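Work through the exercises below with the sequence and the structure in view. Each task is followed by a solution in steps.

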Amino acid sequence: MIGGFQDSLNMISRLTPKRLVNASRIFSSYQFSRWTGTPAIKGMPISIAFEPTTSCNLRCPECPSGLRSFSRPTGMLNSDLFRDVIDQLAPTLNYLTFYFQGEPYLHPQFLAMVKYASDKGVYTATSTNGHFLKDDVARATVESSLDRLIISIDGTTQDTYQSYRIGGSLEKVIEGTRHIISWKKKLKSKTPQVVFQFLVVKPNEHQIPEVYAVAKKLGVDQVVLKTAQIYDFEKGSNLIPEQQQYSRYKKNQNGTYSIKNKLDNHCWKMWHSCVITWDGKVVPCCFDKDAHFTLGELTKQSFAEIWYGNAYKEFRTTLLRSRREIEICKNCTEGTKVWA
């Protein structure tokens, strides 16, 4: 497997002097804020995540989309809103993820939005369950100039796969992967970087070696092992893997479980990135699944007004003072991905 080298070169190629200056301003203001305990922000976000939709075809047990358990409405991102925000951010934005909750390929204009951002020199990535990568869609995906395609494959046999990806078909995922790789070759395209993401849970952890073999056989560029977020983890779960290096949680002497993260009073994400829901709400990060901490609405304000606004300032202030006070931070495991 090629790994991430070519992908890294591609990402670096998107840097411009303006984006580099912006990134340095963001980094310096983050360090200043950590040192002083007072939030300061200079520059616009380096990366954002845009949610195409909250709809999904699967019913994964630890996913609000899969459980149909959102307290916020389900819907589709308005493409005009998307283009307006990208026009505001593109000069300084380096990385755009088309994913928060839901399955991006259910949005009828998804690949058109990818193309719009790519044409502005923004690195684009998405995460999919791989069920909609038919031959024509695979070709359109390659032609959209999408840079990184993360395909979830949480098992190497149907029985194991569907124990988490409820309602899913491993055969469709494999077939869709073949279509993408085939069109990359036909169109002589280096993108998208095809990544198999394997969410490690107890039912599938024995198949970790096998996913590498499957990826190699198909010609996948990279395999990423991802730890699973468990919502009610204190009493344990049949999804927490036995192999501790693949778990976000540790078992205590009294039999309960606790998160491994120390939850220090700082977070790089609050300075360099944010998440935008399908209906234009700006939330701090991907742990705010229900948009409880809405910091502004892009249907009413410009992005800059929100980014530099009082709500964001107050949120960053609370984080620097006591991150444990923020509900979405209590199950945060930033930095627990296992890259391969």
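**Exercise 1.** In which loop does Lys 188 lie?

*Solution.* The model is predicted, so local features need pLDDT of at least 70 and side-chain atom pairs count only at pLDDT 80 or more, while totals for chains, interfaces and linings use all residues. Residues are numbered from 1 along each chain as its sequence is written, and side-chain values use heavy atoms, with hydrogens and water left out.

Step 1: Lys 188 lies in the loop between H8 and E5. Helices (H or I, at least four residues) and strands (E, at least two) are DSSP runs, numbered from the N terminus.

Step 2: The phi of Lys 188 is near 50 degrees, a positive value in a residue other than glycine.

Step 3: With a relative accessible area of 78%, Lys 188 is exposed. Buried means under 20% relative accessible area, exposed over 50%, and partly exposed in between (1.4 Å probe, protein chains only).

**Exercise 2.** Is Ala 291 buried or exposed?

*Solution.* Step 1: Ala 291 belongs to the loop between strand E10 (281–283) and strand E11 (296–297).

Step 1: Its phi is positive, about 55 degrees, although Ala 291 is not a glycine.

Step 2: Ala 291 counts as buried because its relative accessibility is 11%.
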